[in-house]
Amino acid sequence: MSSLLFNSNNPSFLNTILIPSIYETNDMASLEREAIQKQIQQDWANREYVEIITASIKKIADFLNSFDMSCRSRLATLNEKLTSLERRIDYLEARVTKGETLT
């Protein structure tokens, strides 16, 4: 078999063994290109996923900030009403303690 490899009368046999054919080179380049394209597509898919998650987190944060402001406003209004009612109760208690009529 080794005599076939080094046989100067059969150079095409050496070429088929030692040098990849054009088709094999194209196939390897094609496979490499497909692998790179797949990586790029996966990268874009990951970026889109991250973008969706980021936008969702932003929406949640905006909602929570809005909810917080709404709650604070409503609680402030309730606090004012309670303070007013407490003052009125204090006033009425003072009048009852002094014996004044409430009419």
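Biologist: Why is Asp68 called partly exposed in this predicted model?
Modeller: Its relative accessible area is 31%. Buried means under 20% and exposed means over 50%. The value for Asp68 falls in between, so Asp68 is partly exposed.

Biologist: What makes Arg72 exposed?
Modeller: Arg72 has a relative accessible area of 54%. The cut-off for exposed is over 50%. Arg72 therefore counts as exposed.

Biologist: How do you know that Asp68 forms a salt bridge with Arg72?
Modeller: The closest N and O atoms are 3.0 Å apart. The rule asks for a side-chain nitrogen of Lys or Arg within 4 Å of a carboxyl oxygen of Asp or Glu. So the pair Asp68 and Arg72 qualifies.

Biologist: Where do Asp68 and Arg72 lie?
Modeller: Both are in helix H3. They are 4 residues apart, about one turn of the helix.

Biologist: How many salt bridges does the count come to?
Modeller: The count comes to 3. One of them joins Asp62 and Lys58.

Biologist: What makes the contact of Asp62 and Lys58 a salt bridge?
Modeller: The N to O distance is 3.1 Å. The limit is within 4 Å, so the contact counts. Asp62 and Lys58 are 4 residues apart in helix H3, which means about one helical turn separates them.

Biologist: Why is Lys58 called exposed, and why is Asp62 called partly exposed?
Modeller: Lys58 has 53% relative accessibility. Exposed means over 50%, so Lys58 is exposed. Asp62 has 39%. That value lies between the cut-offs of 20% and 50%, so Asp62 is partly exposed.

Biologist: What does Arg47 do with Asp43?
Modeller: Arg47 forms a salt bridge with Asp43. In helix H3, Arg47 and Asp43 are 4 residues apart, about one helical turn. Asp43 is partly exposed, at 33% relative accessibility.

Biologist: How do you know that Arg47 lies over the face of Trp44?
Modeller: Arg47 is 5.9 Å from the ring centre. The distance limit is within 6 Å, so that part of the test is passed. The test also needs an angle within 35 degrees of the ring normal. Arg47 is listed as lying over the face.

Biologist: Why is the pair of Phe63 and Phe67 called stacked?
Modeller: A search of the whole structure finds 1 aromatic pair. The ring centres of Phe63 and Phe67 are 5.9 Å apart, and rings pair within 6.5 Å. Their planes stand at 25 degrees. Planes under 30 degrees apart count as stacked, so this pair is stacked. Phe63 and Phe67 both lie in helix H3, 4 residues apart.

Biologist: Are Phe63 and Phe67 exposed or partly exposed?
Modeller: Phe63, at 52%, counts as exposed because the cut-off is over 50%. Phe67, at 46%, counts as partly exposed.

Biologist: Which residues form the nonpolar patch on the surface?
Modeller: Tyr49, Val50, Ile53 and Ile57. Together they have about 400 Å² of accessible area. Val50 lies in helix H3, residues 22-98. Its relative accessible area is 49%. Patch residues need over 30%, so Val50 passes that test. Exposed means over 50%, so Val50 is partly exposed.

Definitions and conventions. Residues numbered from 1 in each chain as written. Predicted model: local features only at pLDDT ≥ 70, side-chain atom pairs only at ≥ 80, totals over all residues. Heavy atoms only, no water. Patch = residues over 30% accessible without salt bridge, like charges linked within 9 Å, V, L, I, M, F, W, Y side chains within 5 Å. Areas by Shrake-Rupley, 256 points an atom, 1.4 Å probe, with all protein chains shown as cover. Helix = DSSP H or I, 4+ residues; strand = E, 2+ residues; numbered from the N terminus. Buried < 20%, exposed > 50% of the residue type's maximum accessible area, 1.4 Å probe, protein only. Phe/Tyr/Trp six-rings, centres within 6.5 Å; stacked < 30°, edge-to-face > 60°.
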